[in-house]
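My plan is to look things up one at a time and write down what I find.

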Amino acid sequence: MSLIDEAEQRQRTRRNVVYLLLLAAQLAGMLIFVWQELPAFEQLLLNPGERLPKDIYSDVMIFGVFCLMQISFWCRVLYVPIPFLRPNLFLNHVFLFFGRLSFVFGGALFAVVVFRHLPRLERDFDVLLAIERGIIFIGCLFALFCTSLEVERLAHAFERNRN
């Protein structure tokens, strides 16, 4: 093996590792988001129309997870190509399934918040808190969408050529 081949192999290995780390960061962010928000999701279901108590820790944590997911996603899209480009019908279908499944929680959360939970406007309604939570909510849904899109892109890397 020549020095050029060894250098190319090291570069390919580095690119694969970076890709897998960026994908793992997105998936970890998605799992943390779901794990962190399950108690709030349950409260939304049990107490429609009631405001959730203000929890700065949860809001900061979710914002941090959102930032981690978005930075990982955009770094991958802009700078790191998907390294796996070989046909594998089974992996294609597995990753397509997980890509679609990964947004189920986001869709369910959106449906509960928008169709069942929107808080009643009362005298003590905290508009700033509602705006802050709305921005975080939309941002996290977008991050979940981007992660599901990334998993589907990985699935397409395992697709057979249709030529």
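How much of the chain counts as buried? I looked it up: 33% of the 163 residues are buried. Buried means under 20% relative accessible area, exposed means over 50%, and partly exposed lies in between, with a 1.4 Å probe and protein chains only.

Ground rules next. This is a predicted model, where local features need pLDDT of at least 70, side-chain atom pairs count only at pLDDT 80 or more, and totals for chains, interfaces and linings use all residues. Residues are numbered from 1 along each chain as its sequence is written, and side-chain values use heavy atoms, without hydrogens and water.

**Entry: overall build.** I found five helices and zero strands. From the N terminus, the order reads α-α-α-α-α. Helices (H or I, at least four residues) and strands (E, at least two) are DSSP runs, numbered from the N terminus. I then checked contacts, meaning heavy atoms within 4.5 Å. Among those between residues at least 6 apart in sequence, 95% join residues at least 24 apart.

**Entry: glutamine 26.** I located glutamine 26 in helix 1, residues 3–46. Is glutamine 26 buried or exposed? Glutamine 26 counts as buried because its relative accessibility is 0%. Leaving out residues up to four places away in sequence, I listed what it touches: Met69, Ser72, Phe73, Arg76, Cys146, Thr147 and Glu150. I also checked alanine 143, which is 117 residues from glutamine 26 along the chain. Their C-alpha atoms are separated by 8.5 Å.

**Entry: helix 2 with helix 5.** I took helix 2 (residues 56–79) and helix 5 (residues 127–157). They pack at an angle of about 35°, and their axes are 9 Å apart. Axes are lines fitted to C-alpha atoms, for helices over the stretch in contact, and angles run from 0 to 180 degrees between N-to-C directions. The crossing of helix 2 past helix 5 is left-handed; that is, the near helix is turned anticlockwise from the far one by less than a right angle.

**Entry: second largest pocket.** I noted about 230 Å³ of space here. A pocket is an open set of points on a 1 Å grid over the protein atoms alone, where a 1.4 Å probe fits, with protein on both sides within 12 Å along at least five of seven lines; lining residues have an atom within 4 Å of a point. The volume is the space filled by probe spheres set on the points. Which element gives the most to the lining? Helix 1 does, with five residues. The lining includes Leu23, Phe95 and Val151.
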